[in-house]
Protein chains: 2
Amino acid sequence: MPSRNLVAKELAELFKIVAHPDRIRLIEELRASQKDVNSLADALDLPASRVSQHLSLMRAHRFVEDEREGRKHIYKLVQPEIADWIVEGLDFIEGRMRGLSPRDIKSARALWTGGDPASTPPTTDVNS
Amino acid sequence: MPSRNLVAKELAELFKIVAHPDRIRLIEELRASQKDVNSLADALDLPASRVSQHLSLMRAHRFVEDEREGRKHIYKLVQPEIADWIVEGLDFIEGRMRGLSPRDIKSARALWTGGDPASTPPTTDVNS
DNA sequence: TTCATGCTTGCAAAGTTTTGAATATGTAGA
DNA sequence: TCTACATATTCAAAACTTTGCAAGCATGAA
């Protein structure tokens, strides 16, 4: 019964690609709209070459696609729903957060999910 | 705005734990019911010490919990819903499968999701 | 042409994870 | 007690990933 193992292997590769904070941030940025490498580099505050390396890995695994516009390379998510799936992962980190308050998670979810409530108003604690 | 980065980092750690075929298989096995280390080792056809290593990593990250029963350690998922979330990842691999037919994925989904249709009958190709 | 811009690629060093084998611990029964 | 069994832990080697930097292509404008 090796197809179980094959599928587990493919799934593991999927998880490996996502398992990097920069790449998660990239997916988050691209979720809102397509962007060129420099805008992404500015948004994440990383050297463009690093961003390009991540993008090329993600391109190889068909997470993103690029299109040229003059000298810019405009990247977009091939399956934007992947971003929703990633946010669902937040359900499983509420327990093991190190230096991350429930508020951070709530506001992260808002940032990903809805618009951009920038910083949540300083509530003492959230439970509602 | 560093909470974005913090959350991305935590998410990345979550993904890293899952990003190993053996650990995915372990979650798959534990989804059905709690099991001891030897049963898991037999099911995955791996040395028990390797399974124990994976379990101890997963235990450290609160994916699993163990309970003693005589000399056996019975493991179970802390949040069984994580298994459902992992299966959803299958939606994103249908494109980039290497040596993995749509049927393999369909039957993998069945194995994880429903009961155990063991091996899907040899259909030429599936589209319905 | 030449130049600047925007991105990509290559490479070695640093860091991390995985693996296998050996050794240790804890429990049950003789 | 001693022995067998079930699992955990430790350690080093191998495999893999990430990083930083430098050099390399394209494109567009002068």
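Biologist: How many residues of chain A are in contact with chain B?

Modeller: In this predicted model, 39 residues of chain A are in contact with 39 residues of chain B. On the chain A side, the elements that give two or more residues are α1 (3–18), α2 (21–32), α5 (81–88) and α6 (102–113). Helix α1(A) gives the most, with 14 residues.

Biologist: Which classes of residue make up the side of chain A that touches chain B?

Modeller: That side has 21 nonpolar, nine polar and nine charged residues.

Biologist: What should I look for in a nonpolar core?

Modeller: In soluble globular proteins, nonpolar side chains tend to be buried together. Here the largest nonpolar core has 51 residues. Those with the most contacts inside this core are A:L11, A:V18, B:L11 and B:V18.

Biologist: Which residues does B:V18 touch, leaving out those up to four places away in sequence?

Modeller: B:V18 touches B:R23, B:I24 and B:I86, and also A:F15 from the other chain.

Biologist: How do I read a sheet?

Modeller: Take the order of the strands, then their pairing. Chain A has an open sheet of three strands in the order β1-β3-β2, with antiparallel pairing.

Biologist: Why is one side of β1 and of β2 in chain A left without a neighbour in the sheet?

Modeller: Strands β1 (35–36) and β2 (64–69) stand at the edges and each has a single partner strand, so one side of each has no neighbour in the sheet. Between β2(A) and β3(A) there are six bridges, in the antiparallel sense. In this part of the sheet, A:D66 stands opposite A:Y75 in β3(A).

Biologist: Which strands does α2(A) touch where it packs on the sheet?

Modeller: Helix α2(A) touches β1, β2 and β3 of chain A, and its direction makes about 95° with that of β3(A).

Biologist: Which residues come nearest to DNA strand C?

Modeller: There are 21 residues around DNA strand C, and A:D36, A:V37, A:N38, A:S49 and A:S52 come nearest. The elements that give two or more residues to this surface are α3 (37–44), α4 (48–60) and β3 (72–77) of chain A, together with α4 (48–60) of chain B. The largest share, six residues, comes from α4(A). By class, the surface has three nonpolar, 10 polar and eight charged residues.

Biologist: Why does B:L46 count as partly exposed?

Modeller: A residue counts as buried with 20 or more C-beta neighbours within 10 Å, and as exposed with 12 or fewer. B:L46 has 17 inside 10 Å, so this residue counts as partly exposed. B:L46 lies in the loop between α3 (37–44) and α4 of chain B. The C-alpha atoms of B:L46 and B:D22 are separated by 8.9 Å, and the two residues are 24 residues apart along the chain.

Terms used. Residues numbered from 1 in each chain as written. Chains lettered and ligands numbered in written order. Predicted model: local features only at pLDDT ≥ 70, side-chain atom pairs only at ≥ 80, totals over all residues. Near = placed C-beta within 6 Å. Helix = DSSP H or I, 4+ residues; strand = E, 2+ residues; numbered from the N terminus. Nonpolar A, V, L, I, M, F, W, Y, C, P; charged D, E, K, R; others polar. Contact = placed C-beta atoms within 7 Å. Core = buried A, V, L, I, M, F, W, Y, C linked by C-beta atoms within 7 Å. Pairing = 2+ DSSP bridges. Axes fitted to C-alpha atoms, helices over the stretch in contact; angles between N-to-C directions.
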